[in-house]
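Here are my notebook entries from an afternoon with this model. Have it open beside you and follow along.

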Amino acid sequence: MSGFSVIVVYAQEPLPGRIGMVSGLFFGLAFGLGGIGSVVLGRMIDGMGVTAVIQICSWSPLLGVFALWSPKEGTQSGVEH
């Protein structure tokens with residue numbers, strides 16, 4: 001959640017006259033997806049057990065590692081021109 005405010009500000013830049021709308025969309029999406037995620041994890045726990053789901057979720061930080069290879073701003077396909 002520490003980067004959430006930065007993401008909201010970054011999303012507001014293209015629509016300077018609609019700051020409230022952009023903030024509302026982002027917060028709505030964040031809470032909505034969080035609610036859906038908790039339902040999905042609860043369903044998985046019911047079917048597989050708490051230990052199995054925690055072990056599966058322990059691999060989720062790898063998504064952050066994969067983000068290191070995402071294209072950077074001002075580059076095309078990760079190669080600066």
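**Contacts of Gln12**

I started with Gln12, which touches Ile19, Val22 and Ser23 once residues up to four places away in sequence are set aside; contact here means heavy atoms within 4.5 Å. Before going on, I noted that this is a predicted model, where local features need pLDDT of at least 70, side-chain atom pairs count only at pLDDT 80 or more, and totals for chains, interfaces and linings use all residues. I also noted that residues are numbered from 1 along each chain as its sequence is written, and that side-chain values use heavy atoms, with hydrogens and water left out.

Next I placed Gln12 in helix H1, residues 4–12. Helices are DSSP runs of H or I with at least four residues, numbered from the N terminus.

Is Gln12 buried or exposed? I found it buried, with a relative accessible area of 14%. The cut-offs are under 20% for buried, over 50% for exposed and partly exposed in between, with a 1.4 Å probe and protein chains only.

Which side chain does the side chain of Gln12 meet in a polar contact? I found that of Ser23, at 2.6 Å. A polar contact is a pair of N or O atoms within 3.5 Å; within protein, one must be able to donate a hydrogen and the other to accept it, and residues adjacent in sequence count only if both atoms are side-chain atoms.

I looked up Ser23 from its own side: Ser23 lies in helix H2 and counts as buried at 17% relative accessibility. Beyond its neighbours within four places in sequence, Ser23 is in contact with Val8 and Gln12.

Val22 is also found in helix H2, and at 4% relative accessibility Val22 counts as buried. Its contacts, leaving aside neighbours within four places in sequence, are Val8, Ala11, Gln12 and Leu15.

I then listed the buried residues of H1, which are Phe4, Val8, Ala11 and Gln12. Seen down the axis of H1, these fall within an arc of 100°, so they line one face of the helix; the arc is that of the directions from the helix axis to the C-beta atoms. The pattern made me recall that an α-helix has 3.6 residues a turn, so residues three or four places apart point the same way.

What do the buried residues of H1 pack against? They pack against H2. On the face turned away from the buried side of H1, I found the exposed residues Val6 and Tyr10.

Phe4 was my last stop in H1. Phe4 counts as buried at 17% relative accessibility and touches Phe26, Phe27 and Ala30, not counting residues up to four places away in sequence. The C-alpha atoms of Phe4 and Ala30 are separated by 9.3 Å, and the residues are 26 apart along the chain.

**Length of H2**

I took the span of H2, residues 19–48: its 30 residues reach 43 Å from first C-alpha to last, close to the 44 Å expected at 1.5 Å a residue. The expected span is 1.5 Å times one less than the number of residues. Just after H2, I saw that Gly49 takes a positive phi of about 105°.

Conventions:
Helix = DSSP H or I, 4+ residues; strand = E, 2+ residues; numbered from the N terminus.
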